[in-house]
Amino acid sequence: MLEWLGDLFGLLWGAVVLVLSVDFLSDLLLLSVLYVVGRYVYVAFRGNIQSGKPARSFKLSSEEFGAGKELDAINPATNEKITTVRAFTPDEVNECVRRARVAQAEWAETSFDERRAVLQDLMHAVVEQQDTICHLSMQDTGKTRMEAEYGEILTTCEKIRHLIRNGEDALKSESRGVPLLLFLKKAWVEYYPMGVIGIIVPWNYPFHNVASAAVAALFAGNSAVIKVSECSLSSKDYFEKLFRKVLAARGHNPELVTLIVGEGETGAALVKSGVDKILFIGSPAVGKRVMEGASANLTPVILELGGKDPFIVLEDADLDHATEVALRGVFVNCGQNCIAAERIYVHNKILPKFEEVVAKKVAAFRQGASVNGGCFDVGSMTMPRQLEIVDELVQAAIQDGAKVLAGAKRDEKPGLFYRPTVLSNVNHSMRIVNEEVFGPVMLIIPFSSDDEAVRLANSTEYALGSSIFSGNAARAHEVARRVVAGMATINDFGVGYLIQSLPFGGTKISGFGRFGGAEGLREFSRQKSVVTDRFPGVLTKAPAFTKYPIPENGPAIVKNAIHFFYGPESPSGLWAKATHLCAMLQLLITLK
């Protein structure tokens, strides 16, 4: 309550200033200042929540485990070796899960206030250490500093902020209605921790992918054993230490969060280790293997399996805005996003202008290794094999008739750099339109009607996200409704991920299950339906005609009751209801 009052204080005063002033930028600045003041008012009233437990010492998992294969961590933007780590063996994975289960048994009993306090400390640690986190992310993946700040830090902090404010509401008992037949009963749903969550994440956001899953698991009362990608290794110890230090400082078992490293063998061991649920983020091919492995123990899974998202620009869209957002949707993180705008559908009437604008802007992009300093628009790719796949798809499309407006080749500088590419004259007969590219490639595909745009958008096996641009909100929403996808954004791209009240996930081969929002927290929870008597001390006993031995007229009473409660509501139906009610009452009177 105090938190909302603090926010309201800042926002109301900011609104007053906006009304009384004319300078928008100064208004925005003052609004931001007053918002921060409101937040500090809340913090001052709230005070610090004390855990009541002494701080604990902790070790990193790599100090005790890592008897497997040696793995080199390579900076993809420079081709320089960073370090060497050792994979976790299947036996070591099982031991990590066992320890996580011990830690979770204690953590499950913590209050929501304590979980909020832990997350608050964690968020402060992320903010304070953002330079190091960004550096490690850039070093592991080759991304730019802007992509690290936005994709690793801002998104993580917003996830934590949302959980602190709204997590308890998603997990508290939820009342449910009861039928008239059972009006003396009341019902609700309760949410309990599941236990140990096994999490397998990719390399494209090495910190956020870990943190986002871990904080949700923790807030729901679980522990997390997280396998990080073998392509983003050098940051593993630092990220694990960040979590364990916060947990230990508040007296909790640091093994609530464990990061493990390895290749397929390590991931398979985690899937089969007996964890209580699995979250896997990756390709459909590997997702199928995860499901197969999980089936041995009937372990439930959440699969987020990538996309081939359509980005539809109708002829009445704001062209400047659409081109600007399209560039972000395609090239952010060098195109290595599950929700990347991989198919840009542009109406024929505005196609030439759209192509002219994006080609000119992409040709001016700055590409380089941000880890060495400097501001760049696009970084490197992360996986050598993925760079080869991108080039194979691009060259095949060119051979099939695609026109190159920009890029379409590797950069000559050291590192895994592929030049930002724009291809036009693209059609659905080409592999590149139907397979996930996961690289810095814009595919421009023309269409002539809303029906055609929807048909083309729905033509692939993927169905994760979608974006629709139009000057007519109703028209855009109608197109969005018809596009099969787990998410839709109108006149923007990707912002739904920052709205953490929304669930995130797809359909078709883009996966199933959700993370984010109340739905995501509940995915990490064990649900229990509860029914009890509405009035304490008043037992609602079963009617006499249902008790054993069943009376001869019992079935007839139930038959008439069914007609009365569920029969038609038309005038003739109401007369029939009255008839069945009378018959039921007569049978009850003669009940033996």
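The side of domain 1 that touches domain 2 receives two or more residues from each of the elements α5 (130-141), α6 (145-171) and α7; α6 gives the most, with six residues. Helices (H or I, at least four residues) and strands (E, at least two) are DSSP runs, numbered from the N terminus.

The structure is a predicted model, in which local features need pLDDT of at least 70 and side-chain atom pairs count only at pLDDT 80 or more, whereas totals for chains, interfaces and linings use all residues. Residues are numbered from 1 along each chain as its sequence is written, and side-chain values use heavy atoms, with hydrogens and water left out.

The protein chain is divided into domain 1 (69-305 + 519-529), domain 2 (309-498) and domain 3 (541-590), with bounds that come from an automatic or database domain assignment. The C-alpha centres of domain 1 and domain 2 are separated by 30 Å. Contact (heavy atoms within 4.5 Å) between these two domains involves 28 residues of domain 1 and 28 residues of domain 2. About 2,200 Å² is buried between them, with carbon and sulfur atoms giving 58% of this area; buried area is the accessible area (1.4 Å probe) that two parts lose on being put together, summed over both.

The protein chain comprises 19 helices and 20 strands, and its C-alpha atoms fill a box of roughly 95 × 65 × 60 Å along the principal axes. Of its 592 residues, 50% count as buried, where buried means under 20% relative accessible area, exposed over 50% and partly exposed in between (1.4 Å probe, protein chains only). Among contacts with a separation of 6 or more, 71% are accounted for by residues 24 or more positions apart.

At least three residues of the core are drawn from each of domain 1 and domain 2. Beyond its neighbours within four places in sequence, F311 is in contact with residues including A322, V325, I344, Y345, F469 and F493.

H208 is placed in helix α7 and is buried, at 2% relative accessible area. Outside four places in sequence, H208 contacts G151, E152, T155, T156 and Y497. K236 is found in helix α8 (residues 236-249) and is likewise buried, at 3%. With residues up to four places away in sequence not counted, K236 touches S61, S62, F88, V228, L259, I260 and V261. L242 also lies in helix α8 and is buried at 5% relative accessibility. Its contacts beyond four places in sequence are with L122, A125, V126, Q129 and I133. L242 and I562 are 320 residues apart in sequence, with their C-alpha atoms 61 Å apart in space.

Side chains of opposite charge can pair when their charged atoms come close. The structure holds 41 salt bridges. One of these joins K53 and E106, with the closest N and O atoms 2.9 Å apart. K53 lies in the loop between α2 (24-46) and β1 (70-75) and E106 in helix α3 (residues 90-107), so the pair ties together parts 53 residues apart in sequence. K53 is partly exposed at 33%, as is E106 at 34%. A salt bridge also connects D131 and R145 (2.7 Å, N to O). This pair ties together parts 14 residues apart in sequence, because D131 lies in helix α5 and R145 in helix α6. D131 is exposed, at 51%, whereas R145 is partly exposed, at 30%.

Technical notes
Salt bridge = Lys/Arg side-chain N within 4 Å of Asp/Glu carboxyl O.
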